[in-house]
Structure formats: C-alpha cells, structure tokens
Amino acid sequence: MLDIAFVKPALPRHGALVLPLAEGAETALTGLAQAIDAATGGAVLKALAAAGFKGRKGQSATIWAPALEGGAPGPAKLVALGLGKEMTAEAAEAAGGALLPLISGEREAVIAAEALPAPIAASLSLGLLLRSYRFDRYRTTEKEEDKPKLERVSVATDAASAVKAAWAPMRAVADGVFLARDLVSEPPNVLNPSEFADRLQALESHGLVVEVLGPKEMRKLGFGALLGVAQGSAEEPRMVVMQWNGATGGKAKKAAQKPVAFIGKGVTFDTGGISIKPAAGMEDMKFDMAGAGAVAGVMLALAGRRAKVDAVGLVGLVENMPSGSAQRPGDVVKTASGQTVEVINTDAEGRLVLADVIHYCQQRFAPRFMVDLATLTGAIIISLGHEHAGLFSNDDALAQQLTAAGKTVGEALWRMPLGEAYDKQLKSDIADMKNVGGRPGGSITAAHFIQRFVDTKDGPMPWAHLDIAGTAWTTKDLPTVPKGATGFGVRLLDRLVAEHYEG
Amino acid sequence: MLKLRLRRAPREDAAPLLVPVVEGDAARFPFAAAAGFTGAAGQVAEQPGPARRLILLGCGTPKRSLDWEEAGGLGLAAAGAVPRLGLDARGLAPEAAASLAAGAALRAWRCDAYRAPGEVAPSRLDLIVDSPEAVLPRWARAEAAVRGCLLARELVAMPANRLTTREFARRLETLAEHGITVDVLGRKRLRREGLGGLLAVGGGSANPPRLAVLRWRGSVAAPPVAFIGKGLCFDTGGISIKPASGMQEMKADMAGAAACAGAMLALALRRSPAPAVAVLAIAENMTGAASYRPGDVLRMGSGRTVEVVDTDAEGRLVLADALHYAATQFRPQAMLDLATLTGAIVTALGAHRAGLFGTDAALLAQAAAAGEMVGERLWPMPIGTRHREDLRSDIADLKQCATGRFLPDACHAAAFLREFAGGVPWAHLDIAGVDTRAEAGALGGKGPSGFGARLLDMLMQMYFEDVERH
C-alpha cells in the first residue's frame, strides 16, 4: 500500500513536487511553492501563467525537470493541482484522487500542503490513497515499467500533529475500504465461504470478536432459507458474527447499550442456481458478496479508529450453484423466523440468505437499528444506474441519516418507495410468501421480502436496506475509486456511526 | 358517464341504496355487527332480506376527498350489475357527498363502444343529500375532473385502427365546444417548424404525424402552464420492432397525450381562471419503407442533432420537439410532460407509482402533492451526471439512448428530455406502469386508468389558480 507520511517542508531533490493551489493562490505562492519558484528564478510562476493554470477545480499543470539555479538537484516533475474556490473535504478528496495518475510514474512525491488547513490536507491524502488501490495479486508477468512506481508520498506541513490527528481515522477507514475491495476482487475459486470466514476470523487481531458458524450450527438455528441456497454447492456455507465493543471498552457488557447492526449478503459466486443466469457477464457475479465485504470493511474501520460504539456485523456466506442437490423452483423452505417461502426463482437467493441472518441478528442482539447491504437486484440498476444505490427503509430518520452520510463521503443513496400494494406481489398460493414478486417494482418487492423478517411486533425496529448492485463495481475510473471493486458502503456506514452513534 | 341526479330522499323503488358509514358509526344498523362490519375503510356489508338492497360502505376515518371517492367507488362496485342505484349522503358535508359521487362515477366507467348492447351496468345514480343547492357547485367541480379523466380513458381504450393520428386530432378539435382553442399542425407546418423528431417517428406510417395545440385562456393574465403529452397511437417499435407478445398493449402509448387532453377538458368545464396549454405529439411508429432507422441522425426542432440508437425509443424524440415547441411558442411558467415512456420505470416502480423527474424542486413537490390528493401517486427519481454522460454521441450532439445491459433507461430518457426543456421549470412523469389497471381498483375497473388528468387538474387548482399570486 502507498506509504503516506507527514513531514517538515523541504524541497525534494528528486521525484515529484505537488503544489495544491486554490483559485487565486497561483499568483501568490507561499512555502515550498514559493521556494521552488525562487530556486528556478521565477520560472514556475511564468510556466503556470503560460499554461493558463488558474487553480480551478479539476485543473492541473505539469512542469518537467524545472532547472534550479546553480544546477542544484531538484524534483523531476512539478505538478500544480487546482483546488477551486472553496476547499471542501469532498473537493480535496477528488483533487487527491485526480492527482494520483499525474504522479504515479515517480517513485516518490512531496505535496506542498503548508497552506492547507489540516483536515483538507488529510482529505487530499485520503483521496490519493483511495485512488491508489490496486489488486494485482494474480498478475505474474506484468512488466516492471507497466506497474505504478509511486511508493511514498510525503505531505509537507508545518502542522504535522494536527494533520496526523485528522489523518489517523481516515487511514483506518481506508483500510476498511481496501479490505472490502480485496474481498470483492478475489476470484470465486479463491474466496469461497470458508476462505471468506477465515479472513474475517483473522480480524480478531484488530480487536474484533469474531464467531464463525457452519452448517451444523445453522441447521440447529433453523436457517432453512440460507441452507437451501447453499445446498447446491460443494462449498459449505458460513455465517460470521463480528462484534466491536468500542463503547464498553471491549470488556464485558456493562449497561444495556444496544449495538448498531450491519448485515451483509455474501454470495461468493452466484450462478443463479437452477434458474441459471445467461453466460454473458456471469463473471461479474463474483461481486455478489459485496454487501458482506462492505460489512467486514466497516467493522475493520470502526476497530481501526477505536470508534466509541458497540457494533455488530453479520454476514451470510454461501455459493449458489446448480447441481443434483440444488434447490429447485417450487421448493418451499422454512426460515429461521418460522415463516415459509416458496422459491419461485433460485436466482433470487440473496434475500433468502438475508432473511435468516437478519432474524438471527435481531433475536440475539436486539440492536438499535439494522442496515443490510446487498447486491440484490438487477432491477435497481435499471432503476437508478450506477451513481446511486437504492435505499429502502421503514424509518425516515435513519433514512435521512444514511442519505446525508452517503452524500458527505460520495457514496450516494436514492430513497425508493415501500408500500402495501408492492408487498402483496409476494403472495404465494402455497406458502407464506414467494421469493419474487415479478418484474414490476422488482427491487421494491425484494425489499419487502426482507422487511418481512424485520420484527416490529414488540416495538419499532428501524431498518434500512441498501441495494448496491449498481454501485459495488465500477467499469470506469472515478475520482477516488479506480476501475473495479468500489468498497461502496464502508465509508458511508462509518460516517453514519461517527455522526450519530458514538459517545 | 354515470348520470347523476341530486335528490332529497330516495325513490320509492327497489334500486339498491348505498349508505356510507364512518368508523364507529355502524351501531345504528343492527345487522352490521353480525356481519362484522365496523365502518373500517374498504368494508362492505349488505342487509339481507327481500326488500330494497341496503349496502353499507365502510369509510374509515376519512380525512381527504380521496377517502370519500374510494368509498364511493367501492360502493358502486359492490352494487353489481344494476341499472340504477342510490347513494345516501344525508348528514355528510357537501364536499364529501360530491366526492362519493365522483368516486362512483370513476368506478362505473367502462368501454362499451365495441360490444353488442344488452349487458346491464350502473348508468344512473341518485345522490341523496340534505341540500342539493349546497352540493351542486361541489359536484360541478368534481364532475369536471371526472369527465377529464374519463375522456382520457376513452381515448386510451380506443384501438389503433379507430384512433388513428387523424382521428385523435379530430377528437381533440371537438373540445373547441368547451372553449378550448385547438390548432393542429400537419406535416407541412411541422416541416416549417423543423420538428424533425416528430416527423421521423411518424415517417413510417400511413397515418401522418400531428402536433395538436390546445389552449385554455383562463381569466388571469399570466404565462400558461404547459402540458406536454406523448401521443403514440400505436407503437410497433419501428425497425427496432417489439416482440409480438403483449404488443397489443401499445395502443395505450398515447396515454400521456390523452391525460393532458383530459386535464384541459377539466379546466374548461370548471372555468379555471388559470391559463393552460397542451402540446400533444401525435404519431404512429410503424415499420415501413420510409421508417427512420437506427443510426439516423435527426435535426430536432431546437436545432440540436440526435443520433438514433433504437427506433423503439421514439417517445423521447416526439416529446423533445413538443417540449421545445411549447417552451418557445408560449414561454410557459412551468411545463409538465406525461408519457408512457420506458419499460425501465415499470421495473423500478411497478404499477403503483409513476416516475417523477425534473429540474424544479418546487414544481416536483407540487406535482407529487397533487398526485397524493387524487390517488395518482408519483415517486421522485434522479437525473444524474452519469445519465447525461451516457448519452454522448460520436457523431451528433447527443444519442437518444444508451446501449448495454441493465440500462437505467427511464433516467436516460429524462436526461435526454431535459436538454429540450429550454430552462423552463419542468417535470416529467413517466407513466408507463400506471396507464392501465391490470385489475380493478376503487376508482376504476380493469383497463385504462386515465392517470394524470385528475392530477394535472388538481395541480392547477392547488397551485396556479390563486389570483392574488399574480
């Protein structure tokens, strides 16, 4: 991973020197920027003016091999980076992200961040770090010159301790995002349910309490829906329960502080089962565990930044395969809640997994609220595209908190409706419900299916469902997300906790 | 439409009598308790016995006109195949009485034009009230919206061999009798206006395209509100032809235009003070020797060029020209377009809500509020930056739609239309999921719903008729 350090300002003698400049600052350089301009006899200011660089958002200018007076050794490359008029955290992140490709050819870079407020300098670094993610575990023949060279970035600041303080929690969240991206990127022959569970077990070293349940335990708990999905695969299913006891200091629980709960769909590969998917694009279905990946990521982030919250993260891990022992359309399964489901389409398996895990979560932890994340429906992509994940909730306050948190970190949500008329589409002739409600409103009926396992009989249970099928993976580079797994949800949920549920 | 007579007392005959009962008021009917009838919304109980049928209608705790309308509609349905019935609204507020009757009238409508006569269906309703004088003005107002809705349903129900583009225009011209000014642009004038989108879509059909412009002047000196309607009398998909299964439903692809026409009729019937204009793009999308093709580049009315990707995404092309025409000809204070535009909106919202897109937060909130009032529900949907980016074309100013799998086509269509709204506050209602009822509901039987006509009428009533505002 890219090494980011915070250092005292000094002109680098090689590598890249980055000058992040707000609009208007490009004519009145300070700090290292001024120093390099002076060292080049004013050539930097002249070059920026000649390049038409105004410090506008998204603007950049590159000066190669600036000649230092007296032939002194200096940076190989100067990059002026426009920050725009108002330096918001979001804009700084985007600028940091945009910076990465401009300096990735150098081994080292110094960012002249003396003029930036500490949180902005940290956000800029976060953007850079998030964009630098690369999953290259399986490349064995890549040529050295094709690999990104950047190893170390030094952020030059006079307020190192303030920037470091702002940076530490961001760094922890970035670790969570990278864990989620790693898990999503892993091929399905590597990341099967037991391997997934093993990797989550390893998070204990970060202070999480992790339990792994296998088929035997789940059978005992009556997880008929989850086990039905898993039964066609040679890979055994798992449920993993992760706990972070940050409010109670990791000791035995004192008072009855209810935890917040995150639940993730972890279908490590989804062929569709007997209702098999078309071959084209099926390889994407390795990311059908992105909800579980995000839950793991946020739990690691909370532990990494020692968040003062009690949180539980539960993931249902299965593989959905067609086989002689696979579940069939027409099968009726009994869920852990006792409700029965007629399986109409074996490719609507995610909701079956979630049904049992959500029920278990509520029974065991009686949480303050539950948020589930799932790459649940193709219909949500047809509804919203790739810019927003679908948000369904029985609680307006929670929905607003989530939407606001998503907006802040650039993981946008769009609220979608629920309603009795949609719920009726799940009516079955033989069981309590069908697992699909037809094409019309396909994401809404999926949300209603899940809602049937949120128990509000003995009082309200705030619940939200994020359908992330359109946002878990990106086919093009985004400012802070390179092409591939996005880790969508980690930052959003971390922000939700930080804003509303700590202390 | 159901013929309504206001009376102070029921007739002395055997016609069934509907009695609305609010929650908790059922005790005055001794048989109600035995039937488990409490007055809860949606409940119906019928008094047994050989005398006149007495049907109790549960009204729950009605708060809005819509609650009364739904009770009236359910009552009408419960009465069954009878030619005449009474509705006892004595003791209720005049507003409630009018709403009950409106609901009954909406539920009673059916399309009988193509059947042999003979089947008995409710055609007359006696509305029994304490004061006919007090109810009459309320009914007149409610009736205007009902007639607007039913006009829309009639037009949608018509098969495409009857409702040709010419016939649609002719029927719109008959609205002149209500004080609506109607101007129909044929091919020659469409060419003069340069409406290349509409001309291209209509090019493959033997029935020529039309742009119908309906104006209601109102009495207030203000810019009009513009209703823009997609009026595809039939949509085969054109060269990008649709699968055969279900294609018959495409006769309803003019439901947006029909709803706009219905709203104009409602405004005229109740003499709305607010000026309004409807611009309806009427065409038939056929496979023909002169059909437009995927790959064609069209020059639209606004001068922009559009690369055609899929000839079955024709609605946005005709709407784009209609939006541009409305924006430039009338400088409206707001524009709302209604269109059975995309299958994607059906995938997104199903049959219970229409998709609401637009550029003006206030207008969007107003449209959604009006929809709630009349039971024509909307749900806000996004137009994102990516949606617009996806429409970049290699050869023209923009592509008409994107290509690939799992496309958010409703959002793409809205992003496309936005380019032609000319900066006017604009809302787009994608009604593809709600134009036809798959099963009977309180306010209508199976078939065309007329969705949108009452919504637009209510929108005008709630937000654009405040004379003080101008």
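**Domains, a helix and a chain contact**

Tutor: Chain A is divided into domain 1 (3-157) and domain 2 (171-500), with bounds from an automatic or database domain assignment. This is a predicted model, in which local features need pLDDT of at least 70 and side-chain atom pairs count only at pLDDT 80 or more, while totals for chains, interfaces and linings use all residues. Residues are numbered from 1 along each chain as its sequence is written, and chains are lettered from A and ligands numbered from 1 in the order in which they are written.

Student: What makes residues of domain 1 and domain 2 of chain A count as in contact?

Tutor: Two residues are in contact if their C-beta atoms, placed from the backbone, lie within 7 Å. By that rule, domain 1 of chain A gives 13 residues and domain 2 of chain A gives 12 residues. The centres of these two domains, taken over C-alpha atoms, are 39 Å apart.

Student: What makes Trp167(A) the site of a kink?

Tutor: The bend is the angle between axes fitted to the seven residues ending at a residue and the seven starting there. At Trp167(A), shortly before the proline Pro169(A), the kink in α5(A) is about 30°.

Student: How many residues does each chain give to the contact between chains A and B?

Tutor: Chain B gives 20 residues and chain A gives 21 residues. On the side of chain B, the largest share, 5 residues, comes from α10(B).

Terms used. Helix = DSSP H or I, 4+ residues; strand = E, 2+ residues; numbered from the N terminus.
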